[in-house]
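Hi,

Here's the structure I said I'd pass along.

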Amino acid sequence: MVSDPVPVHLSGPREACGVFGIYAPGQAVSKAIYFGLFALQHRGQESAGIATSDGQTLTVVKDLGLVAQVFDEADLAALDGHLGIGHVRYSTTGSSSWHNAQPAHRQVGTTSVALGHNGNLTNTALLAERLGVGTASTDSDLMLEAIARQIDDERSDSRGLEHALLKVLPGFEGAFSLVAMDQGRLIGIRDPHGFRPLSLGRIGDSGWVLASETSALDLVGATFVRDIEAGEMVVISAAGVRSHRPFGETNPQLCVFEFVYFARPDSQLYGRNVFAARQQMGRLLATEHPVSADVVVPVPESGIPAAQGYAEMSLIPYADGLVKNRYVGRTFIEPSQMLRDQGIKLKLNPIPTTFAGRRVVLVDDSIVRGSTTRQLVAMVRAAGAREIHLRVSSPPYRWPCFYGMDTSDRSQLLAARMSVEEIAAYLEVDSLGYLSLNALLKSTGAPIDGFCSACLSGDYPTDVSQAGTKLLLEPAP
Ligand code: SF4
């Protein structure tokens, strides 16, 4: 039986997807896409897929599971061609089924199209109504339906997919970093706010790569060229790389949680290293929320750089105290009830000598629902900690995300229901400190007005009134 994967992250939001694309004349690209998806596996563990083209025929292989589970040598050999896209998915819309695995693909006359999407549209209801489609199960399906119809309308136009995209993209609202292809072209797109990252790299003498994160470029031996800009569409083909601006106004608003948690620490966002930014978050956290303690311990793995920064600034020694069972978070086997009772111990185990009799600063990157953090604190207490001072390298997560995270129900958000003091009491910690929004934005080293922080501030960069029925518009406590 295939069930929802056990969440990799302990208490934070979960990411929607990762996308990858490559155009490398004269080369077989399926293995490069496979390894590119490997580098992006942290962005989605539910399904994986690859589409390739040899210039004539477009082939797609996709399934539920991790990259290593979905593809074998025979699959990669069958994925012939010098051009292709790949996708890893964590579902935030639609159910977990093979049909929802991406790349999504369509045949329209002689044109084959494949599409991989990271993000969430916020006008799906309107789009479905416009298209007269009631049953589309994902926003990515809707996009492909709109694109396919446009291609069909313009069959006599040899620019096919490229021209259709220029026509339909302005009708999409919300978050979408896309890789798309037909038999001869690779296309990369970022929405006018650039909520989700997408980078362009160079491979070999004449090849190009698109990837959600620069670490995926590194892994396949590509050189980072630049980020695809908010509102930009690049078309890569035998004619080279061309850039279009299909949207009107653009306003870069990269998701600040890419810096806090989602992106790999070895990736670059806005030209800044994510690991260095997370360390700086820890330094500023120590400045804003100092405490007398004996040891600083991270919640692995994304809490590690912030804990290092906190220790450096506070001069309190840093120590590892929680060992992560790296592979359990990536299983599709549902734990039995007996194992489920083990709770967080399936994922983390304490090192008692780090905690026994000590005053501990525990550093995590975020608290979303809070139930696992509560278990974690109890576990650290049981391991002998005398005091637990929880420090969080982001502000309270109070508002739902409509741009590709799985937190669209505000009632699930701990900080939407409780004050910081109430959260501290609920988690049973001796003190609790969150990094301020201003300090978080400054830590990135990027322009502070270039970020979406709606889940922290309630200030949405786009109209989200159509985005979900669960949105509650009352003020944060
Ligand atoms: Fe990221 Fe939060 Fe904005 Fe969603 S609402 S895109 S999680 S910053």
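The fold has 17 helices and 23 strands, and please keep in mind that this is a predicted model. Of the 477 residues in the protein, 60% are buried. Its accessible surface comes to about 18,200 Å², with carbon and sulfur atoms accounting for 51% of that. Looking at contacts between residues at least 6 apart in sequence, 70% link residues at least 24 apart.

Now for the ligand. The residues around the ligand include a set of cysteines, Cys255, Cys401, Cys452 and Cys455. Also in that shell are Arg196, Val256, Tyr397, Tyr403, Met405, Ser453 and Ala454. Sorted by class, that makes 9 nonpolar residues, 1 polar and 1 charged.

Leu219 belongs to helix 7, which covers residues 214-219.

Ser30 is another one to look at. Ser30 sits in helix 1 (residues 30-39) and counts as buried because its relative accessibility is 4%, under the 20% limit. Leaving aside residues up to four places away in sequence, Ser30 touches Ile50, Thr52, Leu76 and Leu79. Ser30 and His82 are 52 residues apart along the chain, yet their C-alpha atoms are separated by 8.2 Å.

Cheers

Note on methods. Residues are numbered from 1 along each chain as its sequence is written. This is a predicted model: local features need pLDDT of at least 70, side-chain atom pairs count only at pLDDT 80 or more; totals for chains, interfaces and linings use all residues. Side-chain values use heavy atoms; hydrogens and water are left out. A residue is near a molecule or strand if one of its heavy atoms lies within 4 Å of it. Ala, Val, Leu, Ile, Met, Phe, Trp, Tyr, Cys and Pro count as nonpolar, Asp, Glu, Lys and Arg as charged, and the others, Gly among them, as polar. Helices (H or I, at least four residues) and strands (E, at least two) are DSSP runs, numbered from the N terminus. Buried means under 20% relative accessible area, exposed over 50%, partly exposed in between (1.4 Å probe, protein chains only). Contact means heavy atoms within 4.5 Å. Accessible areas come from the Shrake-Rupley method with a 1.4 Å probe; for residues, only the protein chains shown count as cover.
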